[in-house]
Amino acid sequence: SSYLARTDVDAASKIGMKSLASCTSLPRAVSSLNLVLSSLYTGKTVLAGDEDDLDEAGGEKHLAALERLTGALTRMHKGYPSDARLIAAVLPSLFEDFIPIQQTVTKVFGEFLSSQQPYPQYIAEVLFLVFGRLIGKRMGAVIRKWVVLSLSSFTQRSPLSMALWSLNCLFTSATSDKWLRARFPRLLECVGLRTEEDESHLCLVVKDFCVTKNLLIAQQKNFLSVFRSSEEAVFQSLADFVENVWNK
């Protein structure tokens, strides 16, 4: 049977990446992205797992995947909404198949919080799907860890309406409650907006996180201190609300 040599696959990938970075039409972008994806999945080694497994799984494949993911994200920054939507649709599977969990969450959070990201709604959807897959694998501890560690980065976003929207996306992505998750599409329609309805939803998903994620005592203290350290009244109220939840 015929097959492509590694050098041919690498050459095809470079052509696809170069075209993806420079093309101006959506059909051309789709073709370029297909070429990049095909090169990744040709002779694919699944790398999703712990960083400790990278040597065993294949460091070169991991580096190649990171390079192509970075190229795709760069296209999101520079492209049109249609390009961003297309790339966001395939990112969760690429992360799951090729990138270890910790690096995946780091990359997604970094993109979501970046002030240079012109399409936060699409990265929010990637976050929602990545967390959903972690929930399906019963990896709630990973979600709990990253939410607590990154919380201050979310509360410090500017303007305040963007911080509240981002927090809503974060905690809605973190919940396993299907009714709370069902509201996520509505959040994507209201990027950076602040409404009473959304603030009520934020209280519900924060309460769900505090009740269901079994935070350690140290994590509870860190969680509260982030809201207490803010001068915004809404975060002080949220801290009071969380304390009441934990004291019941």
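# Notebook: an all-helix chain

I read the elements of the protein chain from the N terminus on, and they run α-α-α-α-α-α-α-α-α-α-α-α-α-α. My count for the protein chain is 14 helices and zero strands. I note that the model is a predicted one.

**Entry 1. Overall packing.** I looked up burial for the protein chain: of its 248 residues, 47% count as buried. I then turned to contacts in the protein chain with a separation of 6 or more, and found that residues 24 or more positions apart account for 69% of them.

**Entry 2. The nonpolar core.** I asked which residues of the largest nonpolar core touch the most other members. The core has 70 residues, and the ones in question are Met76, Phe131, Leu170, Phe171, Phe223 and Phe235. H9 gives this core its largest share, 10 residues. As background, I recall that nonpolar side chains tend to be buried together in soluble globular proteins.

I followed Phe131 further. Not counting residues up to four places away in sequence, Phe131 touches Val105, Phe109, Ile143, Val147, Leu170, Ser173 and Ala174.

**Entry 3. Helix H7.** I checked the length of H7, which has 17 residues. At 1.5 Å a residue H7 should span 24 Å, and its end C-alpha atoms are 24 Å apart, so the two values agree. I listed the buried residues of H7 as Pro120, Tyr122, Ile123, Ala124, Val126, Leu127, Phe128, Val130, Phe131 and Leu134. After H7 comes Arg138, and I recorded a positive phi for this residue, near 60°.

**Entry 4. Helix H8.** I took residues 140-155 as H8, a helix of 16 residues. From first C-alpha to last, H8 reaches 22 Å, close to the 22 Å expected at 1.5 Å a residue. Where is the kink in H8 centred? I placed it on Leu149, with an angle of about 40°.

I found these residues of H8 buried: Val142, Ile143, Arg144, Trp146, Val147, Val148, Ser150, Leu151, Phe154 and Thr155. I then looked up what the buried residues of H8 pack against, and the partners are H6 (101-113), H7 (120-136), H9 (160-174), H12 (196-212), H13 (217-228) and H14 (233-247). Two of the buried H8 residues, Ile143 and Val147, are among the contacts of Phe131.

**Entry 5. Arg68.** I located Arg68 in helix H4, residues 59-78. Is Arg68 buried or exposed? I classed Arg68 as buried because its relative accessibility is 7%, and the cut-off for buried is under 20%. Leaving aside neighbours within four places in sequence, I found Arg68 in contact with Asp10, Ser13, Met17, Val36, Ser39 and Leu40.

**Entry 6. Asp177.** I found Asp177 in the loop between H9 and helix H10 (178-181). Its relative accessibility is 28%, so I counted Asp177 as partly exposed. The side chain of Asp177 reaches the backbone nitrogen of Trp179 at 2.8 Å. I also noted Val205, which is 28 residues from Asp177 along the chain; the C-alpha atoms of the two are separated by 9.0 Å.

**Entry 7. Cysteines.** I searched the whole structure for disulfides and found zero. I recorded Cys190 as buried, with a relative accessible area of 5%.

Note on methods:
Residues numbered from 1 in each chain as written. Predicted model: local features only at pLDDT ≥ 70, side-chain atom pairs only at ≥ 80, totals over all residues. Heavy atoms only, no water. Helix = DSSP H or I, 4+ residues; strand = E, 2+ residues; numbered from the N terminus. Expected span 1.5 Å × (residues − 1). Bend = angle between axes of the 7 residues up to and from the residue. Buried < 20%, exposed > 50% of the residue type's maximum accessible area, 1.4 Å probe, protein only. Contact = heavy atoms within 4.5 Å. Polar contact = N/O pair within 3.5 Å; in protein donor to acceptor, adjacent residues only side chain to side chain. Disulfide = S-S within 2.5 Å. Core = buried A, V, L, I, M, F, W, Y, C linked by side-chain atoms within 4.5 Å.
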